[in-house]
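Keep both at hand and follow the residues as they come up.

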Amino acid sequence: MPQDMPPAGGYEPVQYKRNLPARGFRPSYYFLGVTLLCTWGFYEFGKGVREHNELAREKMWSRIHLIPMLQAEEDRDQVRRHLADKAREKELLGGEFKVYHSDRFVRPTFAATPKDVTK
Amino acid sequence: MSARQPRFNQQVLIDTTPLPDDVPKVQEVGASSAPLMSASFFIGARCKPYNDDYMMCKTDANGRGELECMREGRKVTRCAISVLDDINKHCLDEFRAHWKCLENNNQQMWKCRLVEHPLNKCVFDKLKLEKTIPGTPEGQAPVHTKKRSIYM
């Protein structure tokens, strides 16, 4: 039985490469484009962060300017209550008594409630 | 422990005893948060010496000094009232527009630039009080005068 032999002149070259057209631009262009886009985005983000910092500074200073006024009002109210407390104590106990063994001001734990409703 | 606020269930009990007569009387400011915030930089511009005095007094008293700093505190309050009175007298419409805007925008100043610019201009023209934000980087427009801002 005769053996199968290659055709005369050899086989055709085997086509192993795909024969599809490459779509779009070269990949490096896409890479460049995305890089530029991201750079611009981070630049804008940085600008936003700086503006945010300035806004925070503005807010802080607006509060700093108000703090002394608010604190003064609160302190006056504290003093008013303290003096009223002392006057009431003197009226009720007939003298000033030191409750604590120190000169430091201690915020009173207990309050004397008025006889009739004040507010 | 000692800082706990007393609570009563029956009714609100507030001690209404006024200060003794030997303490000079001073009217309280009585403005709510939005007008105060709107006027804060003008208060800071006019009252800086008084504010600094008061805060220094408080610092010298180790953060207490309620009794010692009453004199400085009265000056601070009077100065703040004078600023608010002047703004009310000369720039009432702009002031009102700005603080209402603040009230409606969660007290975010960056949302109220459009009404803030007329207020700043009016106060600067009539009262010579300028809004400056200390610590702004050199060579950069302060954030309230920027032409184009991201947060707008």
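**Around Glu116(B)**

Beyond its neighbours within four places in sequence, Glu116(B) is in contact with Glu58(A), His98(B), Met109(B), Lys131(B) and His144(B). Please keep in mind that this is a predicted model. The points below begin with that glutamate and then move on to other charged pairs, rings and a surface patch.

- Glu116(B) belongs to helix 4 of chain B, which covers residues 113-127.
- Is Glu116(B) buried or exposed? Glu116(B) is buried because its relative accessible area is 2%, and buried means under 20%.
- The side chains of Glu116(B) and Lys131(B) form a salt bridge, with an N to O distance of 2.6 Å.
- Lys131(B) lies in the segment after helix 4 of chain B, whereas Glu116(B) is in helix 4 itself, so this pair ties together parts 15 residues apart in sequence.
- Lys131(B) is buried too, with a relative accessible area of 8%.
- Through salt bridges that share partners, Glu58(A), Arg113(B), Glu116(B) and Lys131(B) are joined into one network.

**Other salt bridges**

- Over all chains, the structure holds 18 salt bridges.
- In chain A, Arg81(A) and Asp77(A) meet through their side chains in a salt bridge of 3.1 Å, N to O.
- Both Arg81(A) and Asp77(A) sit in helix 1 of chain A, four residues apart, which is about one turn of the helix.
- Arg81(A) is partly exposed at 35% relative accessible area, and Asp77(A) is partly exposed at 25%.
- Another salt bridge joins the side chains of Lys98(A) and Asp103(A), at 3.3 Å from N to O; Lys98(A) and Asp103(A) are both exposed.

**Rings and charges**

- How many aromatic pairs are there over all chains? The count comes to one.
- Lys100(B) places its charged end over the ring of Trp99(B), 5.8 Å from the ring centre.
- The charged end of Lys128(B) likewise sits over a ring, that of Phe124(B), 5.7 Å from its centre.

**A nonpolar surface patch**

- Which residues form the nonpolar patch on the surface? They are Met60(A), Ile64(A), Ile67(A) and Met55(B), with about 340 Å² of accessible area together.
- Helix 1 of chain A (residues 27-93) supplies the largest share of this patch, three residues.
- Met55(B) lies in helix 1 of chain B, residues 33-60.
- Met55(B) is partly exposed, at a relative accessible area of 31%.

Key:
Residues numbered from 1 in each chain as written. Chains lettered and ligands numbered in written order. Predicted model: local features only at pLDDT ≥ 70, side-chain atom pairs only at ≥ 80, totals over all residues. Heavy atoms only, no water. Patch = residues over 30% accessible without salt bridge, like charges linked within 9 Å, V, L, I, M, F, W, Y side chains within 5 Å. Areas by Shrake-Rupley, 256 points an atom, 1.4 Å probe, with all protein chains shown as cover. Salt bridge = Lys/Arg side-chain N within 4 Å of Asp/Glu carboxyl O. Helix = DSSP H or I, 4+ residues; strand = E, 2+ residues; numbered from the N terminus. Buried < 20%, exposed > 50% of the residue type's maximum accessible area, 1.4 Å probe, protein only. Contact = heavy atoms within 4.5 Å. Phe/Tyr/Trp six-rings, centres within 6.5 Å; stacked < 30°, edge-to-face > 60°. Lys NZ or Arg CZ within 6 Å of the ring centre and 35° of its normal.
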